[in-house]
Amino acid sequence: QLKQAGGGGGAQPGSGMFTLAEVASLNDIQPTYRILKPWWDVFMDYLAVVMLMVAIFAGTMQLTKDQVVCLPVLQSAVNSKAQSSISGNADVTPGFEATTDQDKGMAMRTVSFESAPTITPDIPLSRTTYSQLQSTVSNQEPKNEKQDSSGRKTNLDYQQYVFINQMCYHLALPWYSKYFPYLALIHTIILMVSSNFWFKYPKTCSKIEHFVSILGKCFESPWTTKALSETACEDSEENKQRLTGAQSLPKHVSTSSDEGSPSASTPMITKTGFKFSAEKPVIEVPSMTILDKKDGEQAKALFEKVRKFRAHVEDSDLIYKLYVVQTVIKTVKFIFILCYTANFVNEISFEHNCKPKVEHLTGYKEFECTHNMAYMLKKLLISYISLICVYGFVCLYTLFWLFRIPLKEYSFEKVREESSFSDIPDVKNDFAFLLHMVDQYDQLYSKRFGVFLSEVSENKLREISLNHEWTFEKLRQHVSRNAQDKQELHLFMLSGVPDAVFDLTDLDVLKLELIPEAKIPAKISQMTNLQELHLCHCPAKVEQTAFSFLRDNLRCLHVKFTDVAEIPAWVYLLKNLRELYLIGNLNSENNKMIGLESLRELRHLKILHVKSNLTKVPTNITDVAPHLTKLVIHNDGTKLVVLNSLKKMMNVAELELQNCELERIPHAIFSLSNLQDLDLKSNSIRTIEEVISFQHLKRLTCLKLWHNKIVNIPSSITHVKNLESLYLSNNKLESLPVAVFSLQKLRCLDVSYNSIAAIPMEIGLLQNLQHLHITGNKVDILPKQLFKCVKLRTLSLGQNCITSIPDKIGQLVQLTHLELKGNCLDRLPAMLGQCRLLRKSGLVVEDHLFDTLPSEVKEVLNQDTSITFANGI
């Protein structure tokens, strides 16, 4: 039977050919990632899909119709005529039914007719049609024999034609004609992979996934709209409020950074970008602040997510580099494809000469072949090159965009102008690049996203949540009375200061601790009783009106800080301040300027309390020295070396130098002629020979040398005649010199916790003594002269070796406090009943000793206790 005489395509893939859907899936990305696909990426994706279709269409055509048909080229016309004259005697190949020239010609024309669709492309013949046609030819043999022969005899049978067609397909046909569809498919797949690799690569896709997720939540968050709407409306009417230091403030909150131009907020509603509702009256603004608690919590979580994501992404530029690399790869790929395909456009032709070197099999050296796909392939190749050119130009534009502006930096300048959130920071590296990509999709995303980068916005949210939680009633419950019987409110570790605080108009003391974003608004002027303010690690910002109020009314300020920079600048401008307490690091080694240079403005400052680690008394303190009456320096054990500045403080009446590692009494103190009270607690003083110099300090009445290492008291202490209080507890004294008892004005003597063995009889000379403390010594006998001090109110004799209390104790009729606990007593004298002011609450003694007293004495000691207590209340 006659077979189809077509040389099938060379590279026939098997049945495992992938489908268009499978290849297209390479280009699939999550729909949420569309915001990171700028127009050129989307356009290139569509171009890639079209190129993919071209490649698959060409491959499909090649698999079904890629054939060549070859005829031998006869050596000469004479040979042809000679062959035709003896054609009647030519052998006929068995199985080829046509026996005449006409039949062979008819057969060849039939083969040629089926194999070359370019002649009649609209009527392709199937094998069935070919068989029917052959049958028709066979039936018409007698008729054809009678016709004249046409065409030239070749003496080739069908199998030889099939053999030649297949050989010439591989020899004569250019390789590009055979493999163009597959190359186009591979190129397109590579371009698709390059376009979307940054969405799939683990190091980048994780960041992109988080970014897209956060961006979507920020865009849809109710807080975004509320925050923008509020600032748009508030700023237009309330931009007159200012921070000291020219910071523009809304009415109930002060920003943490400088605003841009104050006037920029007025026309904000009419600007493009955000669609602020200018039609709503300002009266509706307060309703906007009502934020659902769940929405508020979600917004808080978003702020935290954005902060962490920014820190994570800003430290590298991997996404940017990867995008640049894949764009460069696509550009190089485009140039490569264009260069080599352009050379092959003209090689795809319909006619080809073939010399297969099989003359011994066919008798012919050269064949002329037709490639029936040439026309279609050429058109498809030109289309493919056109697509590649467009693709390449888009790649070049992308590279131009990538390098035209610094994509690793992103500025929210426009957003700052339009939203009045002037503190939105500029971002860098991959964070900036992702925002630039989003801007190509829709700039509204980054504008709304910027709200969650703003500390002002976050603080605004905190403020709203805070005010919802801390109502006036709740704050009222936290108000207490302190030791000075003043109303006090202590707020600890809040996100801000609730507005309702400033409605507590009868508050005397306000303590703010660990509130980093504390802001004091103008409403504080309602608190007319407020005179004392505590700022513990709380660098509060104050509005101008609030500052004016504090400047005129605040009398006492406590500031606790870690570094000098935390002390608010407005503190140094409180002209009516009387007391200033500074607790923190003021060491000049850590702070080049100790930060007290502005104290000269505090003209009415009387008390300065510094608890720090100073190595010298700051010279800046001398600015306030003339009017300072009390100076307290509590060091942390750092040795205070330079004290010369003290000489200038002529008005200082009270001086405390505690825990300063002093080894002697500083000479600078002896120049303070107005000094009344000197406290040198917790130092390393061993000797006080300099005490004689105190005779020049005529007003010195109280000397505290407790918690030192003093071994003895010099007799020169008699020269300090005006001394009324002497504290020498917690030292290393073994005896009390007689000189101490010559201080006739002494009212308080404290020698507790030493090693004193006996109380001298001369103690009876201290007729004005009211308080005597000898607790924690080695005293075993109380001299009778002690009870001549009839003005004694407090007598502390605990933790000694006393075996008995003389009956003369009854002479101390003014005694209100008697400590006897920790001695070797076996009973208490009944004469205690004569101490009319002594009650059981003021008698510190073991219970079993109290029981040794007569019942009438116990009754006296117990009487009126409850009544007195009730009256006291």
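In helix α13, Leu-318, Ile-319, Tyr-320 and Tyr-323 meet Asp-430, Phe-433, Leu-434 and Met-437 of helix α17. By class, this contact of α13 with α17 has 7 nonpolar residues, no polar ones and 1 charged one. Please keep in mind that the model is predicted.

- Helix α13 covers residues 318-342, and helix α17 covers residues 429-441.
- Their axes lie 7 Å apart, and the two helices pack at an angle of about 55 degrees.
- Angles of 65 to 115 degrees would count as roughly perpendicular and those under 35 degrees as roughly parallel, so α13 and α17 are oblique to each other.

**The sheet**

- An open sheet is built from 3 strands in the order β1-β5-β4, with antiparallel pairing.
- β1 (68-72) and β4 (351-354) stand at the edges; each has a single partner strand, so one side of each is left without a neighbour in the sheet.
- On average, neighbouring strands of this sheet are turned by 25 degrees against each other, direction ignored.
- Strand β5 (residues 367-371) is joined to β4 by 4 bridges, and the two run antiparallel.
- In this pairing, Cys-354 stands opposite Phe-367 in β5.

**A helix on the sheet**

- Helix α7 (residues 158-171) packs on the sheet and touches β1, β4 and β5.
- The direction of α7 makes about 115 degrees with that of β1.

Conventions:
Residues numbered from 1 in each chain as written. Predicted model: local features only at pLDDT ≥ 70, side-chain atom pairs only at ≥ 80, totals over all residues. Heavy atoms only, no water. Pairing = 2+ DSSP bridges. Axes fitted to C-alpha atoms, helices over the stretch in contact; angles between N-to-C directions. Contact = heavy atoms within 4.5 Å. Parallel < 35°, antiparallel > 145°, perpendicular 65-115°, else oblique. Nonpolar A, V, L, I, M, F, W, Y, C, P; charged D, E, K, R; others polar.
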